[in-house]
Amino acid sequence: MKRSDIKVLVITGDGINCEEETALAFREHGVVARIIHIYDLIHTPSLLEEAHIFAMPGGFSFGDEIGSGQILALKLKYSLGSELKKFIDSGKLIIGICNGFQALVRLGLLPKPFTTREMTLTHNRQGHFINRWVDLSVPNSKCVWTKKIVNQTIALPIRHGEGKIVFAGDLKTQAITYEILINNQQIALTYVDDVNGSYQRIAGVCDPSGRIFGLMPHPEAAISEWLNPSGAKKSDAVGIGASFFESGIEYCENNF
Amino acid sequence: MSIVYRFEIYPNTDNLNASATQEESLKTWFHKYLNRSIKNIWEVRYFLVETEKPIANIRDYAQEVFTDSVVEVMLSSEDENLEQVLGWLQKKNFQSPSLIDISYRPGVTDNSAHAALEALKLIPVLRKVEMKVASGTMYFIETDLPLNSIQLEGLAYEKLANNLLHKVLITIPSELANFARMKTIVFPSVSIVASKAKLVNLEVSNPELEKMNQDNCWALSSDEMIHIKNYYQSLKRSPTDVEMEVIAQSWSEHCKHKIFSSEITYSESNLPKGVKPIGEFTVKGIFKNFIRGATLKIQEERKIPWLISIFHDNAGIVRFDDTVDVCIKVETHNSPSALDPYGGALTGILGVNRDILGVGQGAKPIANTNVFCLAENHYFEDNKISIPLLLKNPDRIKEGVHLGVQDGGNKSGIPTVNGAFVFDRDFVGKPLVFCGTIGVMPQAERGLATSEKRQRPGDLIVMAGGRIGKDGIHGATFSSMELVDGVPSSVVQIGDPITQKRLGDFLVEARRLGLFNSVTDNGAGGLSSSVGEMAQLTNGANVELEKALVKYPGLSPFELMVSESQERMTFSVPKDTIAAFLELSIKRSVEASVIGEFNNSGFLNINYEGVEVANIDLHFLHESLMPMKLTGHFDVSKKSPHWIKQKIAKPSLPKLDGKINYTQILLDLFKTPNIRSHEHLIRRYDHEVKASTIVKPFTGTPEVGFSAPSDAGVIWMKPHGGGADNALAIASGICPKVSKYDTYLMAEYAVDEAVRNAVCVGANPDEMVLVDNYCWPDPITSDRNPDAELKLAQLVRASKALYDISIAYGMPFVSGKDSMKNDFIGMNEHQEKIKISVPPTLLVTAMGRVPSLSIVTTSEIKNTGDLVYLIGENLLEFTSAFELSELYEDYEVQYPLPALDTKKQIECYRQIYKAMKNNLIESSHDISDGGLILALAEKMMGTTMGIRISLDMDEKSLTNFLFNESAGRILVTVKPANEKAFEEILKRFTSMLLGETTNNGSLFVKSNKLEILKVSGQDCMKSYKCQVGEI
């Protein structure tokens, strides 16, 4: 389908706060991105049917109280659960960034939708919020959102307090879960260094289909080299973060 | 009979022994500050749920809501097997733990509980169930030496709890297995009874009037009390308590700025050498003449078209973009932060965000700044000085204010792009917490200017956002008083970022839809202030107080009127859009209540349940107060003795082979409080949310990392609806250390530092505005303030300097604020009365336009072989190394101090800007604390490159040259190919070509062909980051 016909829904409300830049990151690639308040989406679920991409941006939904993403996940589960399932079953794309990733995980959509939860994101090893740029590897994976940058080392900002990936069960069970993700090619992004204590330095995972993707770093905050933290690198060039959005959009172009 | 459940959240067995950084850092804290050895500590969160009737299966619902099934389990008061927790304790190696249980006092904002209640209501079967939720935290704790419950309680209040906000309950080891906490569960509830509005009899003697004034925390002067008394005599009636509260609030120093509008007679004598005489004169209002006066003059002279709205609204608005307008406001929240550092700073940042939300028709916050002036505990410990009774450990204040700003900014999705930490021992009495916010608004919406307020008679008064509680009552008057024992606990409160985020999002949406005519925030003084101010424009309002939403019943009418409960905005909504306004508020989870109507009666008329409780003539309220008449005399020798009597031991200047060891001094300077890195704290602020922060707090190269300091924040306007090739620079200047020498110079330095920092990143000095924030010690004479005349004279001098430099630079002030009672009066450990006044402090914030992104320049050097220039004076004739004098015993700053040639300076900035526009400058960095050599090292250490400079100077000149501080100086690097073009533009202002950049990662200084300093960038960075640790 044509790029200009691709519809992106960017959810907002209840403390989500990266909706504007996330929508901008999509719009820069010529698609229609609409910012929609969660209340309006719940009351007009047909919007989900019409959309091709559902984006859950970063932020502090419900102030991160009880657990980051926890209450947003509950809200989505009880008010849009069946619509989201339909959306996923019809082969459409979801991206969750930072708090959006946390909510996808709490919602049980990652790493494998509609199964018992076996993964969570919890407090960083350091015990506090961190904002810094980190180096990331992009392994070969099923993920449709990283296709354009596979096997590259890239830099993106992280801005989170709860980004440490932990698997359920004892050490052996955890290793098995990790092994399965590796074998399924679901590990889509890893930190080069151990920045927050995340299991095997995982920074982003996708579901077995590769269409649902969650990551802690913020690609939408790196869509222009003006945002690069290095003075020498600031320029009009497109930033590496744009590649994630471009990848997702290309998938839509080719498959819808 | 209600039922209360308790749910405690524990890690599951797989995660029982997962490492917990927080718990380790608590152990370290208790050991460091209280010398208590904690063997084991375990933090566990819990929730209480109160319902009218038992709820079937509540345990399952609570488990889904409160726990993360992957890593957590829940223990509930419904459980049979409570003992299992004892097994977990054993597994965590507790032998006989005590339990510290910390809950909120009734009525204190409990954000976790609010969120938890909302979450429970998401479960379909609970949607309609009446419930209340409270949250708490418990700590299982085991110390090396057993502590009794009183000791444990004391320990908890030192770090884990604040007795103004929390209740602490201790369970000793022998009682732990009784599980009393699960069996008798007390839900914290407010039970207060409203008192009716009553008449206040002012027909009493003056001493009785004064007693009444003090008992009620009105903080009015005796003249003001008599003015009120006379006024009500003329009305032939007594005021009501509501009227007295509204008047006291409106006339508080915090709201009325009486000192800044007073008539001051200034004189000076015994001026030290070089201190600028400003003559003897009487100024009728510092604000009117020196601040607004300067701005109006500049506006007229320069015919500036971009000053859209200045001084009369919640923030100044300027047009630095083709599509959006930009606004800026900086506030202080000192007194609340002294009492509760976390809540004080949190409500400080949320409060200034609301100023932006409440400017014109409402703007959207896009960036925060914060500056903290603090003391450090180790200074008192190292020098064996006891911190006066009642004062908090300054390190705890630092931790608290930092966390408050972190939560306030991060949870609101507003990047903290600029700020500073300033340390001085005299901030131990009152910390200064400056919070600033920049906002954007479309220039017009539906053809009407967004910058204008348009409330009309007949509009409804709508309060939206948070509810009213007892919190914050007398906040405005309290901050106008010194910090003394016995303040009512209602003056502190915790902010609720999520409620405010929803309110802010709602406000911007409602503005777009044109659903209201005007809006303002509820800050100090609550409804009294917001409705009172808005009513000035329509000339009247009628309020029905019982319609305001409350947190709990039992509030008296005066409390409803002056409560400062947070997260509230007051809207002026036309009757024909009220339905749509309220409908949208429901959709956006924002509570709103219609509480009255604006009119043109000339009166603020307030009713409660149909009875009039106040009817105040707006003219009397806002216009009748006569300015105070004050006298200030500048003579630095008249300063009262310092509260610390003892001499502070310091080392001598380090020497090597009989010569001054410049390398050592440089590394020592890097570790001093005002120079060293606070990266570990700053990186806990989100400085990049909204994806528009071009220049971030730290800079450098990927190889070395980004840890070198930037000069200012730069925000891209494109993500905010502005120009794709347009940006804003935000910078600050503050130097209280200069105040003891001369506040005129201090103010000049502060303005120049802010401007200089903005110029360094590429801002156009001809498109730049300033914001002033004064934090002064009390300048009003009384028996406990003998040197008030000096402090007032210092205020006049600083303000005169602002005027002079603002005019010379052609840079207008667009907003500002003053906080005038930053003193602590208390007892030292010998029960002697002491007074600690902050050094006169002025924060200047500069906001400048960077009209093209290609002009943006950062501080780190970019290439090897570039030329390094000093722009500005070489200061060889001065002895002004302020940081050296802080550090070493045998160095003293001497008058005369270097003053600025302001006319020449602004020309210099214009030329730098021109050179940057022509791409002639590769890097630029301002010279400030620590002098030239520090700035050189900072430019180098974020890269793998180095700098080599050659001089011809003797030892005295070298010390002056390398370490002297002043204003107006910048280091830049220039490509050799651009040498000519650069020199052409800046030859009048460049004092010297210092040397060049190298590829060897070291700073190398030669003088008279001898090596006098050699240090690697890595060593500089190591010293600079001495307190940073792992990020």
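These legends describe close-up views of a predicted model. Local features are given at pLDDT of at least 70 and side-chain atom pairs only at pLDDT 80 or more, while totals for chains, interfaces and linings use all residues. Residues are numbered from 1 along each chain as its sequence is written, chains are lettered from A in the order in which they are written, and side-chain values use heavy atoms, with hydrogens and water left out.

**View 1. The interface of chain A and chain B.** In this interface, 56 residues of chain A are in contact with 67 residues of chain B (contact means heavy atoms within 4.5 Å). The two chains bury about 5200 Å² between them, 56% of it on carbon and sulfur atoms; buried area is the accessible area (1.4 Å probe) that two parts lose on being put together, summed over both. Ten salt bridges are counted between chain A and chain B, a salt bridge being a side-chain nitrogen of Lys or Arg within 4 Å of a carboxyl oxygen of Asp or Glu. Arg125(A) and Glu1030(B) form a salt bridge, with 2.8 Å between the closest N and O atoms.

**View 2. The side of chain A that touches chain B.** Elements that each supply at least two residues to this side include helix H1 (19-27), helix H4 (70-89) and strand S6 (130-137) of chain A. Helices (H or I, at least four residues) and strands (E, at least two) are DSSP runs, numbered from the N terminus. H4(A) gives the largest share, six residues. By class, the residues of this side are 23 nonpolar, 15 polar and 18 charged. Ala, Val, Leu, Ile, Met, Phe, Trp, Tyr, Cys and Pro count as nonpolar, Asp, Glu, Lys and Arg as charged, and the others, Gly among them, as polar.

View 3. Asp14(A) lies in the loop between strand S1 (7-12) and H1 of chain A, and its partner Lys75(A), 61 residues apart from it, lies in helix H4 of chain A. The closest N and O atoms of their salt bridge are 2.8 Å apart. Both Asp14(A) and Lys75(A) are buried (buried means under 20% relative accessible area, exposed over 50%, partly exposed in between, with a 1.4 Å probe and protein chains only). A network of salt bridges links Asp14(A), Lys75(A), Glu118(B) and Arg502(B). Asp14(A) has a positive phi of about 55°, although it is not a glycine.

View 4. Arg756(B) and Asp752(B) form a salt bridge at 2.6 Å, N to O. Both residues lie in helix H24 (residues 743-761) of chain B, four residues apart, about one turn of the helix. Arg756(B) counts as buried because its relative accessibility is 1%, and Asp752(B) is buried at 0%.

**View 5. The loop that holds His257(B).** His257(B) is placed between helix H10 (253-256) and strand S7 (263-268) of chain B. Its side chain makes a polar contact of 2.8 Å with the side chain of Asp818(B). Not counting residues up to four places away in sequence, His257(B) touches Ser252(B), Lys817(B) and Asp818(B). His257(B) has 18% relative accessibility and so counts as buried.

**View 6. The surroundings of Asn539(B).** Asn539(B) sits in the loop between helix H18 (526-538) and strand S19 (541-544) of chain B. The C-alpha atoms of Asn539(B) and Asn599(B) are 6.5 Å apart, although 60 residues separate them along the chain. Leaving aside neighbours within four places in sequence, the contacts of Asn539(B) include Asn599(B), Phe603(B) and Leu618(B). Asn539(B) is partly exposed, at 37% relative accessibility.

**View 7. Two cis peptide bonds.** Leu110(A) and Pro111(A) are joined by a cis peptide bond with omega about 5°. Pro111(A) is in the loop between helix H5 (99-106) and S5 of chain A. In chain B, the peptide bond from Tyr895(B) to Pro896(B) is cis, with omega near -5°. The loop that contains Pro896(B) runs between helix H26 (882-887) and helix H27 (902-917) of chain B.

Methods:
Polar contact = N/O pair within 3.5 Å; in protein donor to acceptor, adjacent residues only side chain to side chain.
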